[in-house]
Amino acid sequence: MGRFRRMLARSLNLVFRRRAERELAREVASHLALIQEDHERGGMSPEQARLAARREFGPVEQTKERHRAERSFPWIEQGLQDLRYGFRGLVRNPGFTAVAALALALGIGVNATLFSVYDAVALKPLPVANPDRVVRIERWFSSGFRGDMQYGFSNPEYLYLRDWSSAFENVVAATWPVPVRVGYGEETSRASLVFVSEDYFVALGVAPRLGRTFGSGEDPESVVLSYPFWQRRFHGDAQAVGSRIGIRHEVFRIIGVAPAEFTGTSTMPLVPDLWAPLAAVREILPGRDWLHAEDQRKLQLLARLKPSAATRSAQAQADTLIRNFTAALRPPDPTIAVTITPTSLFGSSDDSRFRLFVAALLFVTGLVLLVACANVANMLLARGAGRREEIGLRMSLGASRGRVVRQLLTESVLLACLGGTGGLLLSVWGSTLLWVSIEQILAGFFGEVPAFAIGLRPDARVLVYAFAVSLATAFAFGLAPALRSSRFDLDGDLKGARQLGASPIRRSRLRGRLIALQTAVSMTLLVSAGLLLRGLLRSEAASPGFASRRVLLVSADLGDDAAQSPVRERRLIERLEALPEIGGSTLGSAPMSGTWTPPIVIEGPNSLRAESTGRTLASYASDTYFRTLGIALLQGRGFTREEAASGAPVAVIRESTAHRFWPGLNPLGRRFKLDRRFRGHYTEYEVAGVAADARFANLTRIDPAHVYLPTTAGHVYPLLVRTAASPRESLEAIRKAVAGSDQDLLPSLSLQTLEDGPVRVQRALARYCAIYCAVLAFLALILAGVGIYGVLAYLVSRRIPEIGIRCALGATSFQILRETLGDGLRPALFGLAGGMLGAFGVCWALRMTLVLPGSSDFFYGVPFYDPATLSIVAAVALLVAGAAVAGPAWRAPRLDPMEALRRE
Amino acid sequence: MDRIRLLQGTLDLMVLRTLATMGPQHSYGIAGRLKQVSGEALDLNQGTLYPALVRLEQQGWIKGSWAKTESNREAKYYAITKTGRRALGQETEQWRRLAGLVEKLLAEEP
């Protein structure tokens, strides 16, 4: 009871500190007065009595301090006191505070921006009820293939799992979005539709915004609209529910509208326009047997764990069920395991490549934060040197070193929080910008800017992250200066550390190192950005090596029937070739649309090395391929019509490939073996021709190794068409032709020149990489410049007396100028050299990623020792360092010696 | 003779006892009383009382209020409360047992 009362009283005293303090002072004063009175009565003079009273009472301040320690919680009380003190300190030096907070705001802002994008993509949960209990089911193939297909399950598999598992409350299924045309007659437009199991909305706990969602035994001719589609097409009219909508000549009834926050559950966060029950596949996609065929893996599965079920046992159950079910079917690529993963908005966020990418970005933004920290640390250090007298005074009055360090750190934390708040504001703005650029890139992939389900409103996670980063930076930049400033000998510092010769601020190794570190990091970023920018210039100029502007990639959903679709494709070609706007067409691999790099073996006496293995890019080409794409044949011949129909064992290779595998020899007639399915079964090919070099896998470099194999009749390949008229006219003509003959291909028909599609994506990637790096490098450089300037200006101002005396004693202006310049430039030069090494490391790391012939080279073949880039960057960095040093150095020798001395 | 060092916690007991026997006292009065009882043997700055006073007051065992002395000076008088008296009883018992134990142990020495 007494203990509780005491806690309460101590806590109250935190709040009523002043009152308690007044009371204490009053009590001590009255106590002293009483003793004094007694002594005076005993015959002492008032003065003697006063001193005696003091002696008897003991040390007043210490008593008060011990009283305070009992009265309240001294740690908290001191913390509050430190806060007040620190706050006053910051307000007193508005210039310092502003520059330091701004530096931190930039550093933290860049990091928070990246984190908020990462958060929006990978950490946001699915928009369903209790998302932490909802898992995604994923399969692992024996070939190790990872793409999107590991999320696909057939309807029979789904039903089996749903009916036999006991660990899940329910299992729901949804297809990938399917393109459809909605509306009537001429008034149709494209929309994306997702087929879902009947219990989809109910099991996920998604309540409709309007109307209702699907129930069991649902009429297959009913659809639910997504919120954005409802807004776009019906302008948010509530009358839409209950009305009818045409999908592929069939009439469907709109039964409800999903809520705005429900953005779908697909692995890509794209909001579909419509949802229909699985049974509607029959009407919307006639001829597709998605409901019964065991090899049509069209469904993504989500499951809700039972409250009692452990993830591990649920996974074991799903694994056993699915594998037992598929084992009997003997699929070509068997499933070796089934796992369940927690769901997030972006389905592939646990992908190792995605993680690597994020880690790399975090590293780069971390570097900027590092510069900001070094910067502020240096400013604090310089300021600490100026505050030695103040700190000395506090310590001689009884403050322990720990107490002083704590007080200085409190100031740092305050500063960091100020910076963090600014950084958060910056990141709100920055992430919007970043998002716009990401959308641009994605638009290249999808042909149009799709409705993304991603909102970039900073949430609690971003706030916590920014706060944690701020705290961490407070220690990163505050600890060393605090320790340094509080370590000194009391005597010397109080007596006047500014005496000549004894100046402790003249040269500080830590300070020099911090300047060097800042310069080095900014230099690393600058060189990387410079190389990326050079790469960007090259990418703008780079010609892909084929007629990208005149070749259209025609794609349409030809159906799932393996026997029928090649026939339909053949029919489509014939129709297109009849058009006057078309100058030829071909089947074969489309450039820059994914890579296939099988192992290749060159053997026999013909090759230089007796036997060498490696990887090569490979793709398919038909007889008209090289003519259609405008790729010149330098030697030998292309494929004949017969070869292109039978998949004959001949190949056309690239010039680069010939040089690589048969240097200095005539490649025609040579043989190589290819392991096309990565199974160790090699097929032999004979080289029939050599084609001119091109940038086929990506725009960044000439493919180092690339072979073309002939197509085989009866398979489906991408359809490429060469335009004879302007691309626009050709597009129109093709669309009209398809509408006239193959109505059902229209919804999925996609037409794009290679330049507008894959090539544009490549150029955009190069552009945003370079811009991203350049912005960061610019920030780092500005920070470093401001840092060097701030520190040096401060040092010069502290050395005014010394400089004054030296001038009075006859030192020339030039000597002083040179010395000041040296003080600032020496560490900057070290930093420059270090930065070169850092840049070398970055380039080396990026070059290490070029393991496959299809890998992208972000520098577009610019070597890291590129003299132009290095010299420009070094010049820029020196210029900034020089500008930062020049101001203070210029002022130093112009100080009036008398004025300087008078200050002492 | 060396001065007596104060054992942890004993000051609280002494203050309580002083207030219980002498009625309300200001801190100077308490200090004087302790000095008188100990015959100058207690190593005590008067200020040493302050932490004990605030502790006891926060526990609710004593209560302080401002009043005038005979010489018409203001001073903070502390009085023992009802819970304070109960606590004093317990603490006294505790102390006697401890002291007895220590005494017994020391007496056993050959």
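In this predicted model, chain A contains an open sheet of 4 strands. The strand order is β14-β23-β13-β24, and the pairing is antiparallel. β14 (582-587) and β24 (750-753) of chain A form the edges, each pairing on one side only. From one strand to the next, the twist averages 25°.

A helix pair was examined elsewhere in chain A. Helix α6 (residues 94-123) and helix α15 (residues 460-485) of chain A have axes that come within 9 Å. These axes cross at roughly 145°. The crossing of α6(A) past α15(A) is right-handed. On the α6(A) side, the contact is made by A:L104, A:I108, A:N111, A:A112, A:F115, A:S116, A:D119 and A:L123. On the α15(A) side, A:R461, A:V462, A:Y465, A:A466, A:V469, A:S470 and A:T473 contribute. By class, this helix contact has 9 nonpolar, 4 polar and 2 charged residues.

Chain B has an open sheet of its own, built from 3 strands. Their order is β1-β3-β2, again with antiparallel pairing. The edge strands of chain B are β1 (25-26) and β2 (62-68), and each pairs on one side only. β2(B) and strand β3 (residues 74-80) of chain B are joined by 7 bridges in the antiparallel sense. B:K63 stands opposite B:A79, a residue of β3(B).

The two chains also touch each other. Their contact takes 22 residues from chain A and 19 residues from chain B. On the chain A side, the elements that give two or more residues are α1 (2-15), α2 (17-41), α3 (46-57) and α4 (60-71). α2(A) supplies the largest share of that side, 7 residues. By class, the side of chain A that touches chain B has 7 nonpolar, 6 polar and 9 charged residues.

Conventions: Residues are numbered from 1 along each chain as its sequence is written. Chains are lettered from A and ligands numbered from 1 in the order in which they are written. This is a predicted model: local features need pLDDT of at least 70, side-chain atom pairs count only at pLDDT 80 or more; totals for chains, interfaces and linings use all residues. Two strands pair if DSSP finds at least two bridges between them. Two residues are in contact if their C-beta atoms, placed from the backbone, lie within 7 Å. Ala, Val, Leu, Ile, Met, Phe, Trp, Tyr, Cys and Pro count as nonpolar, Asp, Glu, Lys and Arg as charged, and the others, Gly among them, as polar. Axes are lines fitted to C-alpha atoms, for helices over the stretch in contact, and angles run from 0 to 180 degrees between N-to-C directions. A crossing is left-handed if the near helix is turned anticlockwise from the far one by less than a right angle, and right-handed if clockwise.
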